[in-house]
Amino acid sequence: MFTIGNGVDSIYLVQHILASRDLYVSVRENFNDFSIVQVGVDYADLNHVDIDMGEVIDADSYVVTIIG
């Protein structure tokens, strides 16, 4: 589980060290109703994914879960 958001970026590189592209990636709100949101996911390499939120997000406002 990784918390993302810094008030500056809209794309976040997340290192998962699972050595696979066969992953389940979920992004949910960290506040409010904790809803799952639709985002762009790019499997950068076997140990990293890029999460494209589509807009700048506030600090620590989303949680990324990666299962492989």
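Leaving out neighbours up to four places away in sequence, histidine 16 is in contact with Phe2, Leu23, Leu46, Asn47, His48, Val49 and Ile66. Contact here means heavy atoms within 4.5 Å. The model is predicted: local features need pLDDT of at least 70, side-chain atom pairs count only at pLDDT 80 or more, and totals for chains, interfaces and linings use all residues. Residues are numbered from 1 along each chain as its sequence is written, and side-chain values use heavy atoms, with hydrogens and water left out.

**Histidine 16**

Histidine 16 sits in the loop between β2 and β3 (24–29). Strands are DSSP runs of E with at least two residues, helices are runs of H or I with at least four residues, and both are numbered from the N terminus. Is histidine 16 buried or exposed? Histidine 16 counts as buried, because its relative accessibility is 7%. Buried means under 20% relative accessible area, exposed means over 50%, and partly exposed lies in between (1.4 Å probe, protein chains only). The side chain of histidine 16 also reaches the backbone nitrogen of leucine 18 at 3.0 Å.

**The whole protein**

The protein has six strands and zero helices. Along the sequence, the pattern reads β-β-β-β-β-β. The radius of gyration is 11 Å, close to the 11 Å that the globule rule gives for 68 residues, so the protein is as compact as a globular protein of that length. This radius is taken over C-alpha atoms, and the rule is 2.2 Å times the number of residues to the power 0.38. The C-alpha trace spans about 30 × 25 × 15 Å along its principal axes.

Of the 68 residues, 31% are buried. Take the contacts with a separation of 6 or more: residues 24 or more positions apart account for 73% of them.

**The sheet**

Three strands form an open sheet in the order β2-β5-β4, with antiparallel pairing. The edge strands are β2 (11–15) and β4 (40–45), and each pairs on one side only. Two strands pair if DSSP finds at least two bridges between them. Strands β4 and β5 run antiparallel and are joined by four bridges. Across this pair, glycine 40 stands opposite aspartate 52 in β5. Strands of a sheet pair through backbone hydrogen bonds, either parallel or antiparallel.

**Two strand residues**

Isoleucine 51 lies in strand β5 (residues 48–52). Isoleucine 51 touches residues beyond four places away in sequence, including Ile4, Tyr12, Val25, Val39 and Val64. Aspartate 42 is in strand β4. With residues up to four places away left out, aspartate 42 touches His48, Val49 and Asp50.

How far apart are the C-alpha atoms of isoleucine 51 and tyrosine 12? They are 5.1 Å apart in space, though 39 residues apart in sequence. Aspartate 42 and valine 63 are 21 residues apart along the chain, and their C-alpha atoms are separated by 17 Å.

| Residue | Relative accessible area | Class |
|---|---|---|
| Isoleucine 51 | 0% | buried |
| Histidine 16 | 7% | buried |
| Aspartate 42 | 43% | partly exposed |

Key
A polar contact is a pair of N or O atoms within 3.5 Å; within protein, one must be able to donate a hydrogen and the other to accept it, and residues adjacent in sequence count only if both atoms are side-chain atoms.
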